[in-house]
Amino acid sequence: GLIIFNEHDPLRFDAADVVDFLHVAEQWFARTQQAHPEAVFPFLSWNCLEKAAASQLHGHLQVILSAGLHQAQAERWRQAASAYAQWVAVERSVSGGGMERYFADFVAAHECLGLTRCSGDCQVLAHLTPIKEREVVIVGTPGTRELSTALAHVLRTFVERCGVTCFNVGIVYPPRVAEARWAGFPIVARVVDRGPTGSGTVDIGGMELYGTPVVSADPYDVIAALG
């Protein structure tokens with residue numbers, strides 16, 4: 001599905017707009033699931049401007065509801081969380097917690113380093129191992145509105161305080177039906193800066209694709225900007 005913003009300027013949005021965007025996305029997920037009950041894995045993608053792979057200048061985002069399997073990156077994260085929970089149970093002789101333990105420890109590791117901010121039921125993290133510049137991860141509780149306001153704050157900070165013009169947003173939602181292998185998986189949003197609009201070069205190359213991401217933005221500068 002495609003959600004097209006009323007405002008043409010892709011950088012002209014406020015917190016209320018972001019809440020509206022995600023509300024429309026939720027409505028689309030619900031109606032699509034009614035028509036296709038087997039499709040239960042929601043994903044949202046927001047590419048802002050050409051450097052972030054947007055095909056149109058006009059503000060828009062895309063929504064996907066998959067059947068069978070989630071998006072590949074979401075499945076990788078689920079598998080990592082499941083493996084971590086099993087490792088904790090064996091190595092630390094601590095049972096229970098499931099995937100909640102992985103995400104609790106993921107947040108706690110950033111908190112120990114001073115790289116988190118709390119926004120209602122959401123934790124906002126300046127990612128310690130970012131995929132590219134200024135990556136922020138938001139971990140939220142399914143069914144709450146705080147994710148929308150936390151995401152709006154991150155994006156307005158990027159645009160107004162960090163000079164970001166091109167960015168990507170990806171939101172992984174847990175399945176819309178109960179699935180044991182996904183039990184305890186939160187809503188996870190990720191935001192990354194894709195570089196200045198006027199730059200003649202792209203922001204990723206062979207190192208990012210096949211080696212290790214090359215990052216120049218300090219996570220501590222990112223968390224400081226978020227207030």
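Which residues of α3 are buried? Before I answer, a word on the model. It is a predicted model, in which local features need pLDDT of at least 70 and side-chain atom pairs count only at pLDDT 80 or more, while totals for chains, interfaces and linings use all residues. Residues are numbered from 1 along each chain as its sequence is written, and side-chain values use heavy atoms, with hydrogens and water left out.

The buried residues of α3 are Met-99, Tyr-102, Phe-103, Phe-106, Val-107 and His-110. Buried means under 20% relative accessible area, exposed over 50%, and partly exposed in between, with a 1.4 Å probe and protein chains only. Seen down the axis of α3, these buried residues fall within an arc of 125°, so they line one face of the helix; the arc is that of the directions from the helix axis to the C-beta atoms. On the other side of α3, Glu-111 and Cys-112 are exposed.

Helices (H or I, at least four residues) and strands (E, at least two) are DSSP runs, numbered from the N terminus. Helix α3 covers residues 98-112. Its buried residues pack against α2 (72-91), β4 (116-119), β5 (122-126), β6 (136-140) and β8 (187-193), where contact means heavy atoms within 4.5 Å. Just after α3, Gly-114 takes a positive phi of about 75°.

Let me turn to the sheet. Eight strands form an open sheet, in the order β1-β3-β2-β7-β8-β6-β5-β4, with antiparallel pairing; two strands pair if DSSP finds at least two bridges between them. β1 (2-4) and β4 stand at the edges with a single partner strand each, so one side of each is left without a neighbour in the sheet. The partner strand β3 (residues 60-67) pairs with β1 over three bridges, and Ile-4 stands opposite His-60 in β3.

I close with the aromatic residues. The whole structure holds 17 aromatic pairs. Rings of Phe, Tyr and Trp (its six-membered ring) pair if their centres lie within 6.5 Å; planes under 30 degrees apart count as stacked, over 60 as edge-to-face and the rest as tilted. The rings of Phe-5 and Phe-21 have centres 3.8 Å apart and planes at 5°, so this pair is stacked. Phe-5 lies in the loop between β1 and α1 (15-35), and Phe-21 in helix α1, 16 residues apart. Both Phe-5 and Phe-21 are buried.

Tyr-102 and Phe-106 belong to one aromatic cluster, whose members include Trp-77 and Trp-182.

Key:
The expected span of a helix is 1.5 Å times one less than its number of residues.
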